[in-house]
Amino acid sequence: MNIKITGTGSYIPNEIEKNEDFINHQFYNDNGSVITHPTDIIIHKFKQITGIEERRYASKQQNASDLAFLASEKAIKNAKIDPETLDYIIVAHNFGDVATGSSQADTIPSLAARVKHKLRIKNPYCVAYDLLFGCPGWIEGVIQAQSFIKSGMAKRCLVIGAETLSRVIDAHDRDSMIYSDGAGASIIEATKDPGGMICTISASYTLEESNFLYFGKTYKNTNGDSNKYIKMHGRKIYEFALNRVPLAMKACLDKTEFKITDVKKILIHQANEKMDEAIVKRFFNLYEQDVPEGIMPMSIQKLGNSSVATIPTLFDLILNGKIEHQHINKGDLLLFASVGAGMNINAFLYQF
């Protein structure tokens with residue numbers, strides 16, 4: 001028995017927010033002082049560092065559970081399965097459903113329960129639950145699904161990453177330009193087909209690192225806004241990721257007899273183009289190897305950072321021929337990896 005991803009689906013919102021749409025924003029430092037650089041210069045430097053040109057936002061009528069449902073429908077159709085045969089629905093997110101204009105995260109019922117309801121699944125033994133694990137949430141959901149299947153508790157699971165980060169960003173924070181909305185879904189199941197999940201690794205760093213990403217007040221502290229927004233210590237996250245993620249990827253690969261030269265694609269969380277490139281370079285340096293051309297597909301340029309949704313969306317887009325010059329062949333060895341709030345890191349090796 002092998003455990004494979006037998007269906008994928010993604011939902012990319014229609015609303016496009018380009019970098020130039022931020023031109024009239026007044027940005028502030030974390031101490032409340034105004035950033036005096038012209039906004040066009042800020043946007044130009046942002047593009048150079050992150051690679052992001054534009055991002056997608058959900059429509060006002062949509063919420064994270066809606067995006068999750070739409071991606072799930074596609075994954076179920078792609079896998080050609082009856083949704084009534086699902087044993088688990090796992091939805092990874094960070095903020096639940098945040099309605100347009102609201103400052104409250106709505107997680108009752110869980111997003112997974114909402115997705116199951118929207119799918120009209122009658123089977124009460126299809127268990128639906130949410131997973132909070134920062135940006136690595138979808139990978140962790142896949143790892144949990146694998147464990148359920150290995151233990152005999154399940155045969156088939158639906159794992160979703162969905163987020164509407166546009167609802168929790170501070171318009172006066174430069175980092176607000178990073179975040180976006182979206183959803184990606186996958187069917188994980190036991191199969192006799194060759195390949196599938198090979199090995200996994202997960203880690204949580206919570207001493208000095210746990211608050212590198214946090215919920216905090218607006219940087220424009222004179223406007224009486226008491227809401228909280230997603231915030232991060234960018235430099236600390238960058239250094240943490242460069243030091244820890246390559247080692248975790250190596251630890252995962254070293255559990256097997258495969259060599260780094262066997263890895264055909266690295267699907268890494270789309271957090272920041274320069275950071276991702278540096279992580280992959282350090283990973284190959286650990287084996288005294290150069291980074292092969294085209295090994296790291298990217299979608300961040302047009303889609304931004306949608307947190308838990310980036311990797312399953314990227315995977316689905318590649319399989320559907322929507323990432324230029326990127327394709328995955330039967331038997332290819334893939335390494336999935338992510339880092340995010342917590343601070344959490346995880347990875348899994350997969351043979352397509």
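Where is the place of Thr 191? Thr 191 sits in strand β7, which runs over residues 181-191. The views below are of a predicted model, in which local features need pLDDT of at least 70, side-chain atom pairs count only at pLDDT 80 or more, and totals for chains, interfaces and linings use all residues. Residues are numbered from 1 along each chain as its sequence is written, and side-chain values use heavy atoms, with hydrogens and water left out.

**View 1. The whole chain.** Let's start with the overall picture: the protein chain has 8 helices and 13 strands (DSSP runs numbered from the N terminus, with helices being H or I of at least four residues and strands E of at least two). Its radius of gyration is 20 Å, close to the 20 Å from the globule rule for 352 residues, so the chain is as compact as a globular protein of that length (the radius is taken over C-alpha atoms, and the rule is 2.2 Å times the number of residues to the power 0.38). Along the principal axes, the C-alpha trace spans about 60 × 50 × 40 Å.

View 2. Thr 191 is buried, at a relative accessible area of 15% (buried is under 20%, exposed over 50%, partly exposed in between, with a 1.4 Å probe and protein chains only). Its side chain reaches the backbone nitrogen of Asp 193 at 3.0 Å. Setting aside neighbours within four places in sequence, Thr 191 is in contact with Met 1, Asn 2 and Lys 4 (contact means heavy atoms within 4.5 Å).

View 3. Searching the whole structure gives 0 disulfides (pairs of cysteine sulfur atoms within 2.5 Å). Cys 135 is in none, and its nearest cysteine sulfur, that of Cys 252, is 19 Å away. For Cys 199, the closest cysteine sulfur is also in Cys 252, at 3.5 Å, too far for a bond. Cys 199 is buried, with a relative accessible area of 8%.

**View 4. The largest nonpolar core.** This core has 54 residues, and Ile 266 and Leu 335 have the most contacts inside it (a nonpolar core is a set of buried Ala, Val, Leu, Ile, Met, Phe, Trp, Tyr and Cys residues joined through side-chain atoms within 4.5 Å). Helix α5 gives the most to this core, with 9 residues. Not counting residues up to four places away in sequence, Leu 335 touches several residues, including Met 249, Phe 283 and Phe 348. A second, separate core of 31 residues includes Ile 149, Met 197, Ile 311 and Tyr 350.

Conventions
Polar contact = N/O pair within 3.5 Å; in protein donor to acceptor, adjacent residues only side chain to side chain.
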